[in-house]
Amino acid sequence: MGDKYKLMPQLKQLMPKTIGQYIEPFVGGGSSFLNAEGTSFVLNDIDSYIVGLHIEIGKFAANPEDLFKQLFEMIDFYGLSCSYRGVCVPDDLKIKYVKTYYSRYNKEAYNMLRKDFNEDKSDLLKLYLLLIYGFNHMIRFNGKGEFNLPVGNVDFNNNVYQALNNYLNFVGEHEIEFFNMDYISFLEIIKFEKDSYVFLDPPYLISMSEYNKLWNDQKENELCEYLDGLNDKGVKFGITNLITHKGKINHSFLEWSKKYCAFDVKSNYISFNDNTIKADSQEVFVTNYVWQKSLVL
């Protein structure tokens, strides 16, 4: 959830022409940095599992075959479907459950995988499989610290295989460093360079996605004030946010953005609760540098 992959062709055209040090305080799944330019990448997320997954998967950059071998062995052990390898759901199940046959077929195996991960959370490849096969590819833990998302109507398909290969290729070809801190502490340790660029995709204040629930007005205002400080230091930044959504307006961010350059983004923002596109949603990209290219958004 929150994947910026589809927006990156628009956002890249609004980024500086030359980026040296690419800095991302809210890296999430990584779609932004994987589709951006930079000579080095300094990345952070407050979620230790997110950062742990990036580091764990990245270890296989020089040997992708070993990663796929381990993942496929795990898939076979639990008896999950894997359409990429031709391990498919039986036709009778597809006919009986036209829209939910993956979840029907994988539910028992998925629940066993989830149970095993919750008993010993040291194996992050199990967590990665839970993300592949889980509902909306999310990370969510309950109050007891247990991963608690249900199975999704998905499996390990060709898109997953290609995405992993692309990730490993990118990581193997670039200088990347990950941190697990709150965003202010992270940015405070950065030694900014002439061509440093900070890209921010923070939680959206007026949406109800799972990972936005801990964000509030105070944190939103703190972030805007911190970005004012970066601007005073001459550090270039770009930040995405929702201005309107489901009848709500983010007044504070809207007012703050008037000090900088704000651009509408054609996002087709999707609601977490019902997976429908919200026509009244307006997503923006705000920058503190002069934007000279001609682009109709």
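# Buried elements, ring pairs and cysteines

Student: In this predicted model, which residues of α7 are buried?
Tutor: Helix α7 covers residues 124–133. A residue counts as buried when its relative accessible area is under 20%. In α7 the residues that qualify are Leu-124, Leu-125, Lys-126, Leu-127, Tyr-128, Leu-129, Leu-130, Leu-131, Ile-132 and Tyr-133.

Student: Which elements do the buried residues of α7 pack against?
Tutor: Packing here is judged by contact, that is, heavy atoms within 4.5 Å. On that basis, the partners of the buried α7 residues are α3 (48–58), α4 (64–78), α6 (101–119) and α8 (158–173).

Student: At the start of α7, which backbone nitrogen does a side-chain oxygen of Asp-123 reach?
Tutor: The side-chain oxygen of Asp-123 comes to within 3.1 Å of that nitrogen. The cut-off for a polar contact is 3.5 Å. The backbone nitrogen in question is that of Leu-125.

Student: Which residues of strand β4 lie on each side, and are they buried or exposed?
Tutor: In a regular strand the side chains alternate between the two faces of the sheet. In β4 (residues 197–200), one side carries Tyr-197 and Phe-199, and the other carries Val-198 and Leu-200. Both faces are covered, and all four of these residues are buried.

Student: Which residue of β4 is the bridge partner of Tyr-22?
Tutor: Strand β1 (residues 21–24) pairs with β4 in the parallel sense, over two bridges. Within β4, Tyr-22 has as its bridge partner Tyr-197.

Student: And which residue of β5 is the bridge partner of Leu-200?
Tutor: Strand β5 (residues 236–245) and β4 also pair in the parallel sense, over four bridges. The β5 partner of Leu-200 is Ile-239.

Student: What is the relative accessible area of Thr-287?
Tutor: Thr-287 is found in strand β8 (residues 282–287). Beyond its neighbours within four places in sequence, Thr-287 is in contact with Leu-14, Phe-237, Gly-238, Tyr-260, Cys-261 and Phe-263. Thr-287 is buried, since its relative accessible area is 0%.

Student: Which backbone oxygen lies 3.4 Å from a polar atom of the Thr-287 side chain?
Tutor: A distance of 3.4 Å falls inside the polar-contact limit of 3.5 Å. The oxygen belongs to Tyr-289.

Student: How far apart are the C-alpha atoms of Phe-263 and Val-286?
Tutor: Phe-263 is placed in strand β7 (residues 261–265) and is buried, at 14% relative accessibility. Along the chain, Phe-263 and Val-286 are 23 residues apart. Their C-alpha atoms are separated by 6.3 Å.

Student: How many residues apart in sequence are the parts that Tyr-49 and Phe-141 tie together?
Tutor: A search of the whole structure gives 31 aromatic pairs. Tyr-49 and Phe-141 form one that is stacked, at 4.5 Å centre to centre and 15° between the planes. Tyr-49 lies in helix α3 and Phe-141 in the loop between α7 and α8, so the sequence separation is 92 residues.

Student: Are Tyr-49 and Phe-141 buried, partly exposed or exposed?
Tutor: Tyr-49 has a relative accessible area of 21%, and Phe-141 has 24% relative accessibility.

Student: What is the angle between the ring planes of Tyr-84 and Phe-156?
Tutor: Tyr-84 is in the loop between α4 and α5 (91–96), and Phe-156 is in the loop between α7 and α8, 72 residues apart. Tyr-84 is partly exposed at 30%, whereas Phe-156 is buried at 0%. The pair is tilted, with its centres 6.3 Å apart and its planes at 55°.

Student: Over which ring does the charged end of Arg-85 sit?
Tutor: The charged end of Arg-85 is 4.6 Å from the centre of the ring. That ring belongs to Phe-72.

Student: Which cysteine sulfur is nearest to that of Cys-82, and at what distance?
Tutor: The structure holds zero disulfides. Cys-82 is in no disulfide, and its nearest cysteine sulfur, that of Cys-88, is at 8.6 Å.

Student: Which cysteine has the sulfur nearest to Cys-224?
Tutor: Cys-224 is buried, with a relative accessible area of 5%. Cys-224 is in no disulfide, and the nearest cysteine sulfur is 15 Å away, on Cys-261.

Definitions and conventions:
Residues are numbered from 1 along each chain as its sequence is written. This is a predicted model: local features need pLDDT of at least 70, side-chain atom pairs count only at pLDDT 80 or more; totals for chains, interfaces and linings use all residues. Side-chain values use heavy atoms; hydrogens and water are left out. Buried means under 20% relative accessible area, exposed over 50%, partly exposed in between (1.4 Å probe, protein chains only). Two strands pair if DSSP finds at least two bridges between them. A polar contact is a pair of N or O atoms within 3.5 Å; within protein, one must be able to donate a hydrogen and the other to accept it, and residues adjacent in sequence count only if both atoms are side-chain atoms. Rings of Phe, Tyr and Trp (its six-membered ring) pair if their centres lie within 6.5 Å; planes under 30 degrees apart count as stacked, over 60 as edge-to-face and the rest as tilted. A charge sits over a ring if NZ of Lys or CZ of Arg is within 6 Å of the ring centre and within 35 degrees of the ring normal. A disulfide is a pair of cysteine sulfur atoms within 2.5 Å.
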